[in-house]
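Thanks, everyone, for making the time this morning.

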Amino acid sequence: MRAGRGRGPYRVIGIASSPATGCYHALLMSAHLRAVGASDPQTGPIHILHVADEVLFAHFGRMFGQLSLGLFEEGFRISLVTDFAPVAPQFDATPVECHCVVALSGWRAWRLGRELDAMFERPPRLVHVWGTKQLRRISAWCSNHKIPLVVSVLSYADIARVRRAIPPGRVRVAAACERFAASLRSADNRWLTNTFPLPPALLVTDDDAIDLAGPHSCGIVAVGPLHRDGGMLSLLDAAAALRADHLDFQMALLSDGGDASATYARISQLKLHDCVSLIEDALLWDRAIAGADVMVVPNRLDYVTLAPLLAMALGRIVLAARGQPGDWFVEDGTCWSFVAGDAGELRSAMARAIARGPAALSLATSAAEYVARHFGISQRASELAAIYHSTLGTGQRSTNHESD
């Protein structure tokens, strides 16, 4: 296998690029039929505008599409504004109104307020911003129109921006994990009543049901940023040690930004071209994980991503550096952990995973059951609907006849 952009015999061919099949397709069709029969905007459902850039779709893949349909089933009208145009086609034939703009932040977003004014005959009732790079301009627009604002913090960087840009009490903050929520609450007591955890969620589809039984080379996917001092280099050292032990595996490194040159150099130095691929496409993991046996998170991440949760849901074996922010990383419960940068400890964990013995299979089973219990789309949509109603002071559940 060559180290290169999307090259090598890694087994992801034939996995559908669209998740709209099986139970997801049923949900999609139900929502679409409800959209066809919905009331006119004057008497229609409560209108929620979501604002998201590429980071949301890179780190959470399918989640927003599934969650937005769940919110529609809860009785809301859902719009999306994004500067990530490639995501727009996935909302065709769905009730989600997708609007693309040039930019959500930076100097190119200077006309964003005017663009938002032109999009809607009447302003939305509530705006939900995913991430904080676009927070300054969106917050100003919401303030001008007296629109309540919910902000999802997805990383430690988001927490820092919220602290700098928004006084406590001005917005409601949805934290992607309990650690993020605790960090905000500890910063200022005024965040105590305005911050709540809203973990990621997912619906496993028929496209994900790939049978990995039978003899085959163990497929390993690693996700995370590429840094010269990061865990990816230790992962390659561990891979070289496994090769020296004559273990059979194929590994794909799915880059999430950073400097790829050091990673390419280490692959070449260790002569791993035939079993390791570096794929610089942060959006590929959503389809690649289903074709892998093992997932590795070699770095201690400072953000939350759906990728490990999806691997757990699919019954894949997850190995993760200790100190991840996500509450779903439960050592020896949903994953095996190791010290970031310790190639020896990681090599031992990978060898156990590749062997796929009883302990590894038990771990994968318990992880899938844990995710199924706590991270369902319907459950999360219901929780988010309650947050919207609480913010707006509306009823327990929206209907298609509530005032817009």
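This is a predicted model: local features need pLDDT of at least 70, side-chain atom pairs count only at pLDDT 80 or more; totals for chains, interfaces and linings use all residues.

Let me begin with the aromatic residues. A pair of aromatic rings is described by the distance of the centres and the angle of the planes. The structure holds nine aromatic pairs, and I will take two of them in detail. In one of these, Phe57 and Phe84 have ring centres 6.2 Å apart and planes at 25°, and because stacked pairs are those with planes under 30 degrees apart, this pair counts as stacked. Phe57 belongs to helix 2, residues 54-60, while Phe84 sits in the loop between strand 2 (76-82) and strand 3 (97-100), so the contact ties together parts that are 27 residues apart in sequence.

Phe76 counts as buried at 1% relative accessibility, and Tyr388 is buried with a relative accessible area of 0%.

Returning to Phe57 and Phe84, ring pairs link these two with Phe64, Phe91 and Trp130 into a cluster.

There are also charges placed over rings. Arg352 lies over the face of Trp336, at 3.7 Å from the ring centre, and Arg111 lies over the face of Trp110, at 5.8 Å from the ring centre.

Now to the backbone. Most residues other than glycine have a negative phi, and most peptide bonds are trans. Against that background, Ala93 has a positive phi, near 65°, and is found in the loop between strand 2 and strand 3, where it counts as exposed at 57% relative accessibility. Lys146 also has a positive phi, near 55°; it lies in the loop between helix 5 (135-145) and strand 5 (149-153), and at 73% relative accessibility Lys146 counts as exposed.

Helix 5 itself deserves a look. Which residues of helix 5 are buried? They are Leu135, Ile138, Ser139, Trp141 and Cys142, and seen down the helix axis these buried residues fall within an arc of 160°, so they line one face of the helix. On the other side of helix 5, Arg136 and Asn144 are exposed.

The last topic is empty space. Rolling a probe the size of a water molecule over the atoms shows where empty space is left. The largest cavity is lined by 14 residues, of which Val223, Gly224, Asp256, Trp285 and Thr305 are the closest to its centre. Helix 2, strand 8 (218-226) and strand 9 (249-258) each supply at least two residues of this lining, with the largest share, three residues, coming from strand 9. By class, the lining divides into eight nonpolar, four polar and two charged residues.

The second largest cavity holds about 40 Å³ of space, and Trp130, which we met in the ring cluster, is one of its lining residues, others including Phe60, Met63 and Ser152. Its lining has nine nonpolar residues, one polar and no charged ones.

Finally, the second largest pocket contains about 340 Å³ of space. It is lined by 18 residues, and those closest to its centre are Asp53, Val55, His59, Lys133 and Ser155. Helix 2 and helix 6 (156-165) each supply at least two lining residues, and helix 2 gives the largest share, five residues. In this pocket the lining comprises seven nonpolar, five polar and six charged residues.

That is where I will stop, and I am happy to take questions.

Key. Residues are numbered from 1 along each chain as its sequence is written. Side-chain values use heavy atoms; hydrogens and water are left out. Rings of Phe, Tyr and Trp (its six-membered ring) pair if their centres lie within 6.5 Å; planes under 30 degrees apart count as stacked, over 60 as edge-to-face and the rest as tilted. Helices (H or I, at least four residues) and strands (E, at least two) are DSSP runs, numbered from the N terminus. Buried means under 20% relative accessible area, exposed over 50%, partly exposed in between (1.4 Å probe, protein chains only). A charge sits over a ring if NZ of Lys or CZ of Arg is within 6 Å of the ring centre and within 35 degrees of the ring normal. On a 1 Å grid over the protein atoms alone, a cavity is a set of points where a 1.4 Å probe fits but cannot get out, and a pocket is an open set with protein on both sides within 12 Å along at least five of seven lines; lining residues have an atom within 4 Å of a point. Ala, Val, Leu, Ile, Met, Phe, Trp, Tyr, Cys and Pro count as nonpolar, Asp, Glu, Lys and Arg as charged, and the others, Gly among them, as polar. Grid points are joined across faces, edges and corners, and a volume is the space filled by probe spheres set on the points. The arc is that of the directions from the helix axis to the C-beta atoms.
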